[in-house]
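Please consider the structure shown here.

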Amino acid sequence: MTALILKNVNKSFGKVNVLRDISLTVEKGEFVVFVGPSGCGKSTLLRVIAGLEDASSGEVHIAGRQVDHVPPSKRGIAMVFQSYALYPHLNVRGNMTLALKQEKQPRAVIEERVAKASRMLNLDDYLDRYPAELSGGQRQRVAIGRAIVREPELFLFDEPLSNLDAALRMNTRLEIANLHRALNASMIYVTHDQTEAMTLADRIVVLRDGKVEQIGTPMELYNNPVNRFVAGFLGSPAMNFLPASLLEAGDPRIIGLRPEDMFLSSDGPFRARVSHVEELGGDTNVIAMIDTHQVTLRLFGQHRIGEGQDLHLGYNPEKAFHFDPEGHRLT
């Protein structure tokens with residue numbers, strides 16, 4: 001059975017079209033990530049799935065059941081918010097059991113589910129603490145635990161790591177990936193962070209201006225983007241774009257080169273001047289200007305390169321992408 005089917009979903013606020021004819025199928029046990037820049041509609045789409053917003057037209061099916069007019073509490077979903085949304089007057093145990101008590105689940109079922117979720121999230125030592133006594137990472141784990149105990153048909157995550165620092169984001173990201181494997185759960189995850197998308201997703205849905213630009217596995221989108229927008233959005237550092245006229249006068253195409261596919265070369269076709277160097281230890285990112293165009297090189301290891309230095313750069317033609325002036329992929 002499929003976890004989610006969206007059929008031609010549209011959403012407008014007055015005259016503003018926020019979602020445009022979105023169709024998508026999520027299989028049972030699949031981890032799907034919505035990515036895109038701020039304002040692309042990804043959080044609105046999640047809220048339509050959850051029932052927190054009504055679609056202007058189209059259909060939402062969860063676990064084989066059409067739910068367009070079903071309230072959120074009856075849709076078989078559990079949602080984890082960026083803000084944690086914990087009840088400050090309840091301890092961890094109380095936050096995790098509240099929804100189950102409201103559903104009038106038997107006490108034995110409640111205790112079993114809380115114990116299981118607590119073990120999975122390493123919360124056993126915190127069950128009697130209140131949210132104010134927890135770190136941000138611990139609060140987010142409680143919010144995830146509150147979702148787990150409901151045993152939903154579909155988990156929905158709305159930028160859950162945005163309030164955490166870099167180290168906690170990485171650790172919590174790993175915990176979510178491990179939970180997905182352990183639960184074999186269907187999950188939809190919204191983020192603007194392409195690193196989260198690439199490392200967590202079975203499939204990624206790239207959104208722009210309320211429309212789906214491309215759907216595919218992380219490596220499908222990385223290796224075969226359909227347009228310049230997708231090519232530039234996925235990958236860190238981002239893809240470089242240079243006018244092909246730098247190599248051949250009058251060529252209107254745009255060349256896309258990933259930072260790892262450019263390299264130092266004494267006879268390379270591009271002459272560049274270094275504007276900044278990021279020394280990361282294992283890698284070195286070199287930001288340089290080719291004519292008026294900024295590019296980034298990702299070099300393995302440590303390099304003696306300084307600001308203002310002139311370089312000749314080469315690239316791997318087999319790894320180059322070509323786009324027309326409107327951004328459509330050519331090869």
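Predicted model: local features only at pLDDT ≥ 70, side-chain atom pairs only at ≥ 80, totals over all residues.

Residues are numbered from 1 along each chain as its sequence is written, and side-chain values use heavy atoms, with hydrogens and water left out.

Visitor: What kind of aromatic pair do F155 and F157 form?
Guide: Rings of Phe, Tyr and Trp (its six-membered ring) pair if their centres lie within 6.5 Å; planes under 30 degrees apart count as stacked, over 60 as edge-to-face and the rest as tilted. The centres of F155 and F157 are 6.4 Å apart, with 20° between the planes. The pair is therefore stacked.

Visitor: Is F157 buried or exposed?
Guide: Buried means under 20% relative accessible area, exposed over 50%, and partly exposed in between (1.4 Å probe, protein chains only). The relative accessibility of F157 is 2%, so F157 counts as buried.

Visitor: How many residues apart are F157 and Y189?
Guide: These two rings form a tilted pair, 5.7 Å centre to centre with 35° between the planes. F157 belongs to strand β7 (residues 154-158) and Y189 to strand β8 (residues 187-191); strands are DSSP runs of E, at least two residues, numbered from the N terminus.

Visitor: Which ring lies under the charged end of R258?
Guide: A charge sits over a ring if NZ of Lys or CZ of Arg is within 6 Å of the ring centre and within 35 degrees of the ring normal. The charged end of R258 is 3.8 Å from the centre of the ring of Y222. The ring is that of Y222.

Note on methods
Helix = DSSP H or I, 4+ residues; strand = E, 2+ residues; numbered from the N terminus.
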